[in-house]
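Trainee: I would like to learn how to read a helix and its surroundings in a model. Could we go through one together?

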Amino acid sequence: MVRREAVVRQEWWDVLRPPADLAHQCGQLISEQQPEGALEQQKLRQLVQAIADQPELWQPLVVQDPTRRRYRLLYEDDRIDVWVLSWMPGQATGFHDHDHSEVALMCVQGTILERQMLLPSGASKVEMTPGTVRTGGAGYIHAVNHLHGEPAVSIHAYSPPLIHVGQYVIDEAGILERKIEHGRRELMDNTIQI
Ligand SMILES: [Fe+2]
């Protein structure tokens, strides 16, 4: 396959093309968890823990970039995708959901902060250090940001694969809106400030 630099940026190519051996090993872990069908959040939890236990699977995908939050695909098929995210100071997602996908995320390096909205104002806060796992079903809403480590690193698994995310913004009239974004678009922290 020829690289088309003008169409697909090098950066994006790297994002979506995991080393074949790593993807193969991750696929084996997934099959061990569940040979077919979408994985529910408890299976996703077990999977990210199994991946975390094998640093040789995720460490090669860690990127230190102070200018933007980086993510690398570790594995994908028609029922799941698995990502390695690298967080530097100031980097954050803003509030979002994962549409139909269930999710598990696990911190494996440094510290990240997960928040969930507490209406009418405020947010819960969970500091995630290496070993902390959070899971959610379809419709789970959260925001994640960097706290410590350069980079902090987390492993995220989504099933079914993350096709869309909903980002939460407030318009000029103060009305909450859910904006539907491509699941692989970089989320920016320009949504609700709580
Ligand atoms: Fe998320």
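Predicted model: local features only at pLDDT ≥ 70, side-chain atom pairs only at ≥ 80, totals over all residues.

Trainee: Which residues of α3 are buried?

Mentor: Start with the general idea. An α-helix has 3.6 residues a turn, so residues three or four places apart point the same way. In this helix the buried residues are Gln41, Leu44, Arg45, Leu47, Val48, Ile51 and Ala52. Looking down the axis of α3, these buried residues fall within an arc of 165°, so they line one face of the helix.

Trainee: Which residues have the most contacts inside the largest nonpolar core?

Mentor: In soluble globular proteins, nonpolar side chains tend to be buried together. Here the largest nonpolar core has 39 residues, and those with the most contacts inside it are Val48, Ile51, Leu74, Val82, Val84 and Ile155. At least two residues of this core come from each of α2, α3, α4, β1 (70-76), β2, β4 and β7.

Trainee: What is Leu74 in contact with, beyond its neighbours in sequence?

Mentor: Setting aside residues within four places in sequence, the contacts of Leu74 are Pro18, Leu22, Ala23, Cys26, Leu57, Trp58, Leu61, Val82, Trp83 and Val84.

Trainee: Is Ile170 buried or exposed?

Mentor: Count its C-beta neighbours inside 10 Å. Ile170 has 12 of them, so it counts as exposed; the cut-off for exposed is 12 or fewer. Ile170 sits in strand β8 (residues 164-170). Apart from residues up to four places away in sequence, Ile170 touches Ile175, Leu176 and Ile192. Between Ile170 and Gln193 there are 9.2 Å in space, C-alpha to C-alpha, and the two are 23 residues apart in sequence.

Trainee: How many helices and strands does the protein chain have?

Mentor: The protein chain has four helices and nine strands. From the N terminus, the order is α-α-α-α-β-β-β-β-β-β-β-β-β. The radius of gyration is 16 Å, close to the 16 Å from the globule rule for 194 residues, so the chain is as compact as a globular protein of that length. Buried residues make up 35% of the 194 residues.

Methods:
Residues numbered from 1 in each chain as written. Buried ≥ 20, exposed ≤ 12 C-beta atoms within 10 Å, placed from the backbone. Arc of directions from axis to C-beta. Core = buried A, V, L, I, M, F, W, Y, C linked by C-beta atoms within 7 Å. Contact = placed C-beta atoms within 7 Å. Rg over C-alpha atoms; globule rule 2.2 N^0.38 Å.
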